[in-house]
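Dear colleague,

I am passing on a structure that may be new to you, and below it you will find an account of what was found. Please read the account with the structure open beside it.

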Amino acid sequence: MNGLMMDKQLMISSILTFADRNFPDREIVSVTADNPSHRYTYKDCFSRTRQLANALKSLGAEFGDRIGTLAWNDYRHLELYYAISGSGMVCHTINPKLFPEQVAYIVNHAEDRVLFVDLLVWPLIEALQQHFSKVEHFVVLTTEANMPKTQINNVHCYETLLSKESDQFEWPEFDEKTASGMCYTSGTTGNPKGVVYSHRSTLLHAYAGALTDATAPRSVDVVLPVVPMFHVNAWGIPFATIMVGAKLVMPGPKMADGETLQYLMESEKVTFSSGVPTIWMALLNYLQESGKKIPTVKRISTGGAACPLSIIERFKHEYDSMVIQGWGMTETSPLGTIFSLKAGMEDYDTEQVTKLQSMQGRGIFGIEMKIVDEDNNSLPWNGIDSGALKVKGAWVSNSYYGLSATPGDPDCPVDKDGWFDTGDVASIDEHGYLQITDRTKDVIKTGGEWVSSIEIENAAVGHPDVMEAAVIGRYHPKWTERPLLVVVRAPNSEVTSDAILEYMKSSLHKLSVPDGVEFVDELPHTATGKLNKLAIRKMFEDYSFE
Ligand code: AMP
């Protein structure tokens, strides 16, 4: 027997229509390249979003087309999120800070038909444009007065496009499993891989994010997402906050600027903000230097990398703000676990609470997780055993865009029983709190960007005096993690670390050039002859770039 409930599809556009009816006057404040202080209401935003949906049609974009965005956190990017997905197209957010060849690869792999580009990112796209195979239109996110001069055909001004369109648009309803968004991850080896979100996964994720024990944005909140909209939907904030009617404050290109963040937090009375630890470090340093305060900010969510204890303590003791750490990935939309206290912990003292905050949080309904040993046997949740972290859930990837492998195939990140291998190693304590302890994936995350250790090792072994090289990530106070190169010199060589690094600079992006070199007589290997990264990390577990 079936239930007798309506078969209403979960549509991203429904967030917008609900918010339009219920919170029309709520504000959205943005910093943009062409306006340091833009301010309008939800009502204005949704009216322009409908104009944009009409503009997409006028450009010839169709249902299912991938539409790329290279933009910061601001109101135009928000309009793009809703107009593209709401029309049944796929909002493909691209990180403008990636290496240019990665941007070209990603745009081509996704077969983007239109690219919407921030004014500040335009020079990168103009330089790359002949490498794009399928892009038919470029739209610069600015006004006619600020349009860059260009020789390229089919370059449009965003504001002019919108001004020609009606603000009447009927949002279509279609299968909720339809792709709504796309984000490539470099957090795996090989080329970046396309994670594809659906309307269903996005809505369920937004509901989960709004749970009281998750990020819990409320209508009365003023939310400042510092986590970029080009990365995993700014952790779902553009959906969860609009769903509840919170005021949104967006820092545009000034994301890493402590002064701008403090200014926005104080002047707009921000109550809740989200970002990676590197951003919080920049903000704390600015607050210390300037003596300024963030009086209304009560909750700071952090993720993407382990949050140093000092950040948690400084926010708590000096600014009365609670740090809420979560763990997630591009492939998990990203919400996987998040900090909150459980019943029975009401009497915990500050030290006990801080210890829990420095872990990666606990599970939320919708994500199942387990840790397994090398033979895929589940390990107990005792806070001691650690193993590969696997997850399952309605907002977890089942595969990557264009990958023919299906669950169970060796190339697919999902095993035959439907568990996604995160590439993280973790323990889980008896209360369900997660502690990430290591990584099996051979990549290093530095200031929120991934670099491939294999690429760095290849660059190092090109030096004639390097017999073998291994790269591991080690703690860095500013970048969270930076690459450390471990080298076995060629026989009789006395090559110096400076000489090796100088040599590597010619073939590597500066983000990938290691911060340090250590020499060893030999490197440990696994039974199959591969470098044993777990053992090498153990050898240098006390090494840090402090
Ligand atoms: P990305 O897909 O680029 O967002 O990166 C996801 C990866 O970042 C995870 O698989 C972890 O390796 C790492 N990560 C995310 N959150 C945390 C956290 N709170 N602590 C430690 N590592 C994290």
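A residue is called buried here when its relative accessible area is under 20%. By that criterion, buried residues make up 58% of the 546 residues in the protein. Please keep in mind that this is a predicted model.

On the overall form, a compact globule of 546 residues would have a radius of gyration near 24 Å, and because the protein has 24 Å, the two agree. Taken along the principal axes, the C-alpha atoms fill a box of roughly 75 × 65 × 60 Å, and the accessible surface comes to about 23,500 Å², with 50% of it belonging to carbon and sulfur atoms.

The secondary structure comprises 15 helices and 25 strands.

The rest concerns the second largest pocket, whose volume is about 900 Å³. Its lining consists of 41 residues, and those that lie nearest the centre of the pocket are K97, T446, G447, G448 and E449. The elements that contribute two or more residues to this lining are β8 (179-185), α10 (277-290), β21 (443-446) and β22 (449-452), and of these α10 gives the most, with five residues.

With best regards

Conventions
Residues numbered from 1 in each chain as written. Predicted model: local features only at pLDDT ≥ 70, side-chain atom pairs only at ≥ 80, totals over all residues. Heavy atoms only, no water. 1 Å grid on protein atoms, 1.4 Å probe; cavity = no way out; pocket = protein on both sides within 12 Å on 5 of 7 lines; lining within 4 Å. Points joined across faces, edges and corners; volume = space filled by probe spheres on them. Helix = DSSP H or I, 4+ residues; strand = E, 2+ residues; numbered from the N terminus. Rg over C-alpha atoms; globule rule 2.2 N^0.38 Å. Buried < 20%, exposed > 50% of the residue type's maximum accessible area, 1.4 Å probe, protein only. Areas by Shrake-Rupley, 256 points an atom, 1.4 Å probe, with all protein chains shown as cover.
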